[in-house]
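Me: I have a structure open and have not looked at it before. Can you walk me through it?

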Amino acid sequence: MHPQDQTIFALSSGRPPSAIAMVRVSGPQAGVVLTTLTGTLPAPRQASRRLLRDGMGQPIDDAVVLWFPGPASATGEDVAEFHVHGGRAVLSALLASISDIPNTRAAEPGEFTRRAFENGKLDLTEAEGLDDLIHADTDRQRRQALRQLQGLLGDRARDWRERIIEASALIEAGIDFSDEGDVPAELLAPAIKAIRALHGEIAEVLAAQGQAERLRDGLVVAIAGEPNVGKSTLMNQLARREVAIVSPHAGTTRDVIEVQLDLDGYPVTVIDTAGIRETDDPVEQEGVRRAQARAEDADLVLWLVEGSQAIDPDATRSLWKAGEGDRTGGSIWIVRNKIDLGGVGEAGPRGEFGISASRGDGIPQLVDALVTFASEFFGTSEGALVTRARQRDLLRQAADSLRRSLELVEEGEELAAEELRAAAYALGRLLGRVDVEDVLGAIFQKFCIGK
């Protein structure tokens, strides 16, 4: 049996136990499942209270059920929903009863969304937005994902693709059907005008993206420095909880510790690393190696030193890229810790900060600076349409094809038409909708060829 002919089911709410759990069923047997467990099929799109019974007639739970006949459903198929009490025993009995019905099976990860995509309920950009929305940790990530789910990029891409197909239809009609009386004699000029406008619009969207893709992954901040300067204490201050072991003994932290923070809606991953020093201990050597690697990849490094300790301008660079030239990662801030014991207490030159990680002095100012850094790092990404590398690459392919079509149109209309087909194909891949008959359909519909 083809997978689309099978009816799938899954728990679509949180992990039990919970007050209420929702089990969703989608496919041609959804109505049979609902009737088997409740006795009758409820009215469409109306919540009904029913007693669920298993195949032996034994009660499972007193539940609320809903019936959504396709195609007017989330997946485009017949869909049934069971809202039951969220105990493990209730869910186990319900899922077992559904699986006993012929041609039903447990859904694979993402299969409900995939069926919605395959049935035209959402395009690929909206599906990506749904995935981002599910995994959003901060309010800014949520708003960005919601824009994708609402189809802002997909709507623009569909409009661009339709206009490309129209321009291609004009050019190809001039090539293949120039002897037809109902085909306009001058088709090239409006096609070129349309292509130029399209290329400009797509190029403008690509130029405005900034760091939108990074908002999905977040900013990475590494706390680094020599042993026993207070890195783990600062980590705990930023996290506002005990995430790292604090000890007066050097070398306590030997592995990389990460914590996810929400700083004014910006997702930030803070990394506590092992103290960087020369050591004969093979375990600590591995910790130092990992610390160097993570510091090199971080967007911002908070280099911790004690009080008024002198800083060699090249010291931080040599600690993770010794002998290999300048570091190629992000920015470096000097953070002077233990100011309660004496030393610099105000923000100094070269991005220096004075703090007491144990007492909390200077921490609010450091956090404010991190928020400002994150704001500048992500820039105007929140309003961007493109949030994934896949989307950006396909839009760039489309823009490049449009540019080449303008360059080639004087050499031969056939070459320009081929580049337009490539641009339409790239946007079709962006949406997940690629139909090779689109250009012919546009030609015959508009110019009544062959009637």
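Me: Starting with L370: leaving aside its neighbours within four places in sequence, which residues is L370 in contact with?
Reply: This is a predicted model. In it, L370 is in contact with V221, L238, L263, L300, L302 and W333, once neighbours within four places in sequence are set aside.

Me: Which residues have the most contacts inside the largest nonpolar core?
Reply: L370 is one of them, along with L219, L234, L261, V270, L302 and W333. That core has 32 residues.

Me: Which elements each supply at least two residues of this core?
Reply: The strands are β7 (219-225), β8 (257-263), β9 (266-272), β10 (300-306) and β11 (331-337). The helices are α9 (231-239) and α12 (363-378).

Me: And which gives the most to this core?
Reply: Helix α12, with nine residues.

Me: What other core lies apart from it?
Reply: Another core, of 28 residues, which includes I165, I171, A191 and V205. As a general point, nonpolar side chains in soluble globular proteins tend to be buried together.

Me: Back to β7. How many of its residues are buried?
Reply: Seven of the seven, so β7 is largely enclosed by the rest of the structure.

Me: Which way do they point?
Reply: L219, V221, I223 and G225 point one way from β7, while V220, A222 and A224 point the other way. Residues on both sides are buried.

Me: What does β7 pair with, and in what sense?
Reply: β7 pairs with β9 in the parallel sense over five bridges. Five bridges also join β7 to β10, and these two run parallel as well.

Me: Which residue does V221 stand opposite in β9, and what is the bridge partner of A222 in β10?
Reply: V221 stands opposite V270. For A222, the bridge partner is V301. V221 is also among the contacts of L370, and V270 is among the residues with the most contacts inside the largest nonpolar core.

Me: Changing topic. Where does UniProt place the feature "binding site"?
Reply: At S232 and T253, according to an unreviewed UniProt entry.

Me: Is S232 buried or exposed?
Reply: S232 has a relative accessible area of 10%, and buried means under 20%, so S232 counts as buried.

Me: How are β1 and β2 joined?
Reply: By a hairpin, through six residues. The two strands pair in the antiparallel sense over four bridges, and F9 has V25 as its bridge partner in β2.

Me: How many bridges join β2 to β5?
Reply: Eight, and the strands run antiparallel. V25 stands opposite A80 in β5.

Me: Where is M56, and is it buried or exposed?
Reply: M56 is in the loop between β3 and β4. M56 is exposed, with a relative accessible area of 70%. From M56 to S97 is 9.5 Å, C-alpha to C-alpha, with the two 41 residues apart in sequence.

Me: Last, some totals. How many helices and strands are there, and what share of the residues counts as buried?
Reply: The protein has 15 helices and twelve strands. Of its 451 residues, 46% count as buried. The accessible surface comes to about 22,100 Å², and 50% of that belongs to carbon and sulfur atoms. Among contacts between residues at least 6 apart in sequence, 64% join residues at least 24 apart.

How values were computed: Residues numbered from 1 in each chain as written. Predicted model: local features only at pLDDT ≥ 70, side-chain atom pairs only at ≥ 80, totals over all residues. Heavy atoms only, no water. Pairing = 2+ DSSP bridges. Core = buried A, V, L, I, M, F, W, Y, C linked by side-chain atoms within 4.5 Å. Buried < 20%, exposed > 50% of the residue type's maximum accessible area, 1.4 Å probe, protein only. Contact = heavy atoms within 4.5 Å. Areas by Shrake-Rupley, 256 points an atom, 1.4 Å probe, with all protein chains shown as cover. UniProt positions renumbered as here; feature names shortened; annotations may be inferred.
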